Amino acid sequence: MPQGTLQVLLISAKGLENTDCIKGMDPYVVLICRSQEQRSSVASGQGSEPKWNENFIFTITEGVTELILKIMDKDPIAHDFVGEATVPLKPLFLGGNIPPTAYRVVKEEKYKGEIKVALTFTPAQGGRSR
């Protein structure tokens with residue numbers, strides 16, 4: 001498996017199920033790459049069509065095969081789970097980058113919308129395979 005740096009451009013989501021009946025959703029995304037976790041800003045008042053346009057950097061080590069994008073709705077008491085998308089990284093390791101692509105958001109195996117991200121992989125310098 002390659003080692004290096006993964007850059008994630010979190011662009012937007014659409015068609016998300018509104019988990020907040022009283023007011024509009026305030027979605028954010030938790031990006032998980034093995035043991036590394038980062039969080040986007042909250043797209044306040046943007047409901048089921050949020051836009052972020054934020055960059056995140058992860059260090060890729062042996063055994064990393066996927067990126068998980070967990071969409072949450074910020075609420076005053078408890079944050080609601082909207083759904084998640086799993087992005088396989090093997091095509092990225094082979095090609096070096098993936099242009100903006102929409103991935104299915106699912107919750108309990110049901111379609112809950114799409115999330116769009118672009119990915120870039122930069123291999124570690126000096127790491128040679130035998």
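## Strand β8 and its side-chain pairings

Lysine 116 is found in strand β8, residues 110-123. The model is predicted. Lysine 116 is partly exposed, because its relative accessible area of 35% falls between the cut-offs of 20% and 50%.

Along the chain, lysine 116 and alanine 13 are 103 residues apart, yet their C-alpha atoms are separated by 5.9 Å. Leaving aside residues up to four places away in sequence, lysine 116 touches Leu9, Leu10, Ile11, Ser12, Pro100, Thr101 and Ala102.

Strand β8 also holds lysine 112. The side chain of lysine 112 meets that of glutamate 17 in a salt bridge, 3.3 Å from N to O. The count of salt bridges comes to one. Side chains of opposite charge can pair when their charged atoms come close. Glutamate 17 lies in the loop between β1 (4-14) and β2 (27-33), 95 residues from lysine 112.

| Residue | Relative accessible area | Class |
|---|---|---|
| Lysine 112 | 14% | buried |
| Lysine 116 | 35% | partly exposed |
| Glutamate 17 | 37% | partly exposed |

Now the rings. The whole structure has one aromatic pair. Phenylalanine 93 and phenylalanine 121 have ring centres 4.9 Å apart and planes at 65°, so the pair is edge-to-face. Phenylalanine 93 belongs to helix α1 (residues 90-95), phenylalanine 121 to strand β8, and 28 residues separate them.

The charged end of arginine 39 sits over the ring of tyrosine 28, at 3.9 Å from the ring centre.

Methods:
Residues numbered from 1 in each chain as written. Predicted model: local features only at pLDDT ≥ 70, side-chain atom pairs only at ≥ 80, totals over all residues. Heavy atoms only, no water. Helix = DSSP H or I, 4+ residues; strand = E, 2+ residues; numbered from the N terminus. Buried < 20%, exposed > 50% of the residue type's maximum accessible area, 1.4 Å probe, protein only. Contact = heavy atoms within 4.5 Å. Phe/Tyr/Trp six-rings, centres within 6.5 Å; stacked < 30°, edge-to-face > 60°. Lys NZ or Arg CZ within 6 Å of the ring centre and 35° of its normal. Salt bridge = Lys/Arg side-chain N within 4 Å of Asp/Glu carboxyl O.
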